[in-house]
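This note sets out, in numbered points, what may be read from the model shown below. Please keep the structure in view while reading.

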Amino acid sequence: MSFKWLTQAREKRGAKIIHIDPRFTRTSAKADIYARLRPGTDIAFMGGMFNYILQNNLYNKDYVMNYTNAAVVVVPEYKFEDGLFSGYDPAKRKYSNDSWKYQKDASEKTVTDPTLQNPLCVLNIMKKHYSRYDVDTVCKVTGMAKEDFLNIAKTYAATAAKDKSGVIMYAMGCTQHTVGSQNVRCDAMMQLLLGNVGVPGGGVAAMRGESNVQGSTDYALLFHLIPGYLNCPKTIPGNASLAAYNETETVKTSYWVNKPKFLVSYLKAMWGPKATAENEFAYQYLPKYDATKNYSFMALFEALAKGVIKGMFAFGQNPVVGGPNTNVEAKALENLEWLVAVDLFETETSVFWKRPDVDPKTINTEVFFLPACGSYEKQGSISTSGRMAQWRWKAVEPLGKSEADLEIIHQLAVKLKAAYAKSTKPEDAPIRDLFWNYGTDPHECDIDKVAKEINGYDTNTGKQVASFGKLMDDGSTCSGNWIYSGSYPEEGKNLLQRRDNKDTKGNIGIYANWSWAWPVNRRIIYNRASADPMGNPWSKDKAVIWWVTKDSVTGEPFIDPATSKPMPGKWVGYDVPDFKPTVAPDAVDGVFTGNRPFIMRADGLGGLFANMNEGPLPEHYEPWDTPLAKNPFSSKLLNPVVKVWRKEQQGTPDKYPIVATTYRVCEHWQAGIMTRNTPWLAELFPTMFIEIGEDLASEKGIKNSDKVIVDSARGSIECYAMVTKRFKAYEIDGKAVHVIGMPWHYGYQGIAKGAIANYLTPHIGDGNTMIPEYKAFLVDVRRGG
Amino acid sequence: MHEVNWPIILAIYLFLAGVGVAAFYTGILTNLFGSGKYRKLAKYGSYIGVPLIIIGALLLLFDLGRPLSFWHFLLVFKLSSTMSVGVWLLSAFIICGGLNMLTWLAEEDFARNNSLLGVFKGKEGLRSLTGYLGLIFGILTATYTGVLLASTSAALWSSTQFLGLLFLVSATSTGMAALMLVLAWRKEDIGIIHKLAKADMIVVLFEIIVLALMFYALSATVPAAASVVLSGAYAVWFWVGIIGCGLVLPVIIDVAASKKAFGAPMLASILVLVGGFLLRYVMLYAGQAHL
Amino acid sequence: MAELAKYIDVTKCTGCRGCQVACKQWNGLPAVHTEFSGSYENPPKMGGDTWTKVRFFETEDNGKVRFLFRKAQCMHCTEASCAAVCAAGAITKDDKGMVVLDQNKCVGCKNCVLACPFGAVGFSAETGTSGKCRMCVDRIDNGMEPACVTTCPPGAVQIGEREEILKLAKGRVDFLKSNGVNAQIYGENELGGLHVIYVLDDKPEVYGLPVNPQAATANLFGSWVSALVGAGVLLVAPFWLIFKDSGKDVSETPDTGVSKNA
């Protein structure tokens, strides 16, 4: 769908589309420039780009010097040697970031060197770090052709010009690696170097795998967060009480200084009248997780495999197909005492005992199936990558007995609350006292009430709050999710439902009255960066907001309505300023510094150098299953902080010499149960296949449409071979490395059936987020029956 | 076997249509040029031709996707649509040939007391008229079967202008063979049988010439389509079945056999008929092969 | 009403096949059972139940690989072979130039299926009739665009007055040519003018289109003439020569003439 807009950008504004992907796909066919790189070598490529840009001085100097921490000096203890940063504990496989801190002078001010002479200033650290990423080494590691690399570097570096911008769009091909987070971080660093953050046509745009992924993270369907990206409390002393949590969590120099207001308002939304100043607003009712444990997806399945977890809800989730290492995960499900599967169709997970070679008599799990209805059979909002939460209405009645997820959860809450109503046990109290006023009929949840509560209201008057600026930490306000505060500011005004499709101002695609985006309907985040330190747009073509001192109509200064006194000026423009509107470019007002656009960061500057679990700068490590014996950039083959659960399941090139990657096709959706049950889609791609190059196929005696067997260190599958010109061997460090690819949509249910690709993928994930490494692993291929 | 839109039932129809009308007009023509000496051929021609055409028409009906809607054909007469022309030709032939046949049936012994058939007894004028009309409609019908295939986008059929002619010639050959077969089987008129055999040899020669011209042209313009028949999946059917059995072998038998035996002409005529069917089958199927 | 045409720009097509599904959905066509086809194409052919499909081509020139897509469907020819051969009067051309097959009139003889130079017509076992793209004339008559046009995300498929579409296509071809692309239009003059105009970025044969297609009835007259000439030869050679009455008495030549059983 988004290609419509790329096409338009190309047609109307001469945009160039650069596509970088190990596979030659339908997108590659339409790109202006296509280059391939070996799966798992994104950092090598981006590092090469950084090197090219820094060595040739192609970065946007004004932007970088003023709006990033390029000139900040790091403490002298900082080192990087042979693939490791200073502060690494090899036993714990963890870093301490003490040696990555900013240098402070006697008065605790951060030391900077605007002359960029100090070798410890960030920009020089970057230059040195990426000097190893010269073009030849990069092309040797990635397998990208040198002329392609230089073409892309030149073309994209041109967006550093003040009147040009570029957007980096990425998807799971970027994130599903043991270095996935650092891959995305590279994108952010690139955009900062080129001055592409906060301007129209810029930014880092995540192409989600599912339409409401943004919503799922906004509302904290992640173990380590609570809604609005507040950290979920842990079982550490610093989180033992509300006061301790607020002290530990609040960053006083950024907008996060308001965290206590957001947290208390959230607690009030959760426990209503039962959350009072006397009981820390029911802070102790919030579950706290053990910080030494990991509760991410793979960790849960490892625990499940050990029999630690007894029951599971699979809400619209199909781990047997979608989770990595199907042999491990599907077998782990057999340890469950009970499983509740909620889905539109009978998924492979909901009938996990039906998988081939399994005797159902050996499995004791009690399985409940709750039929859910589709998105057109219910109403609610979904949030896009642009943080816009578009409301959708119900179009048809649900089929049969299927219900909306909202109603299913509502029923659970109503029934659980009833079950616990008389309990005096402390562990039951959080549910017993849960504030749940969305209706007493279990089958009908008042979604309007939910929406209003998410926005938040005054707990005394019941009036909706105008925005998160009005949230308080004294219990007088509640808000289910502070970032959505402002979406429903008045009774009857659910802004998520707006449908005015006019490009409101400036012709930069703002559409301010179509639905509503958080925060407070800002469409371009960090848009302060679109103006220079004096408050004037870097370029007329890329203007978003700017500082004016006088009313353009009357020529008079603005009057502050609160004090009736003249104001120094205000920020005006095409978008809601991502800044306090009255703070002048040269002023400081609380956490706002006039020329520091990145208001959510402690120093207000973009972080070229910034803390991540595996270091302050991205460094290339090979995927866990690597075809190389040695990492050309250091002696460290694997990301030093990733957790390895099953060492014996690592794939090595002696047995599995072919690199494999998994992906989607637009005809099928995720783990496939909806599309494989839709006849018009099933007929387009009826069964599982691999895409294999003509060269590799002829080596193996495989003809197009032959059946093949694909083996990895985790499992085997049989499927068809699509022999194509679009896949060819790479030359990696002088030797030929073949890459094959496959969709992962298939399973044993539905109309269109096929082998499950994830039998082949490993249980290993990213060092920060634990996202599984689905995109780069090793296999072997042979002709099948 | 590759997927086809026009399947075997249509190959049978094309064959039966050819044999039927050609048996009929062979009878008419021999009797016409022979100044009435070959009435038996005219009679047998109608007895063979009309039922075969009726069976053929029924086969056509069953092949339709919606057989009960066949009457839609009768609402349309379109010169550009050979099928439309064919529907009307078949209908006209069935009527004329049918009436003609009834005039002959009326003279048979079993018809002596039949009042319905009695209406047609002695109707020489009707017999003449329907005979000549049947001749014209018959020749056009034999031709239309080939032109029908040629008015499509199948390369094998539409790349030359010879197919209608080929099917006409082949039909004539099979019509003569059908009459030969009936006479030989009834052990009648060995002299007439030999005349038919001689005539058939000329027709076979003509057919070989047309086949050669057609496949020469096809090999030049659409070699892939031609090779399906000449060297591909249908090569054996073509060379052994059509050329060998259907054309060359019958001629050899007719030349070499004794002039007194009935067995040889019977064998030769069966071979011609088999070859004629195979010609329809091969052309129909090879034309629908996916290249 | 002015003649309409569908515009298909293969350079914009992303091969998503939304048009394939939208067509089935709007026209209520059933899905067909498919097997792995060896490429992204499926079902393997257009048929009575599949009125449009996207074709995929892979080419390689000097090591440069290209992945090409073309939406195939009825071309709504001015010289429509299907309409010319339909003996049931089920296929007609309307005033917009659209060639419409009325499935109520069709008897399922499949002549049109074999006549189409583009293989765009198919037989549906489910309805017993043939079927093909009908340019969503029901949608057009109600002020809407064909289902495929509405669905296409990059706007590669459009509809408009044929004159305007030709202008649009020529402009696009000029633009592509100025960027070094071997662009051309297909459909301007073929078969009297097609009502589907393609903007191609390579030769038609690369995209599986017939160069200089002929109507099915192109050889019709010649076929009849050659056959009737041959009929004349047949009348003379085998019949007249062998069976003509030489005037001799029957009794002079034994085994000729009527037998006792005549």
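How many residue pairs are in polar contact between chain C and chain B, counting pairs with both at pLDDT 80 or more?

1. The model under review is a predicted one. Between chain C and chain B, 21 residue pairs are in polar contact, with both residues at pLDDT 80 or more. Helices α2 (81-85), α3 (111-115) and α7 (220-243) of chain C each give at least two residues to the side that touches chain B. Of these, α7(C) provides the largest share, 18 residues. By class, that side of chain C comprises 33 nonpolar, 19 polar and 6 charged residues.

2. The extent of this interface should be noted next. Chain C contributes 58 residues to the contact and chain B contributes 65 residues. Together the two chains bury about 4900 Å², and carbon and sulfur atoms account for 66% of that area. Within chain C, the residues that lose the most area to chain B are C:L114, C:F239 and C:F243, which together make up 16% of what that side buries.

3. Charged pairing between chain C and chain B amounts to 1 salt bridge. A salt bridge joins C:K110 to B:D63, and their closest N and O atoms are 3.8 Å apart.

4. Attention now turns to chain A. Its domains are domain 1 (2-207), domain 2 (527-596) and domain 3 (647-783). The C-alpha centres of domain 1 of chain A and domain 3 of chain A are 29 Å apart. Their contact involves 23 residues from domain 1 of chain A and 29 residues from domain 3 of chain A.

5. Between them, domain 1 of chain A and domain 3 of chain A bury about 2100 Å², with 55% of it on carbon and sulfur atoms. On the side of domain 1 of chain A, the residues A:R23, A:Q176 and A:T178 supply 29% of the area buried against domain 3 of chain A, more than any other three residues.

6. Which specific interactions cross this domain interface? There are 2 salt bridges between domain 1 of chain A and domain 3 of chain A. A salt bridge links the side chains of A:K140 and A:D733, at 3.6 Å from N to O.

7. On the side of domain 1 of chain A that touches domain 3 of chain A, at least two residues come from each of α6 (135-142), α8 (172-175) and α9 (180-193) of chain A. The largest share, 4 residues, belongs to α6(A). This side of domain 1 of chain A contains 8 nonpolar, 10 polar and 5 charged residues.

Terms used
Residues numbered from 1 in each chain as written. Chains lettered and ligands numbered in written order. Predicted model: local features only at pLDDT ≥ 70, side-chain atom pairs only at ≥ 80, totals over all residues. Heavy atoms only, no water. Domains from an automatic or database assignment. Contact = heavy atoms within 4.5 Å. Buried area = accessible area lost by both parts, 1.4 Å probe. Salt bridge = Lys/Arg side-chain N within 4 Å of Asp/Glu carboxyl O. Nonpolar A, V, L, I, M, F, W, Y, C, P; charged D, E, K, R; others polar. Polar contact = N/O pair within 3.5 Å; in protein donor to acceptor, adjacent residues only side chain to side chain.
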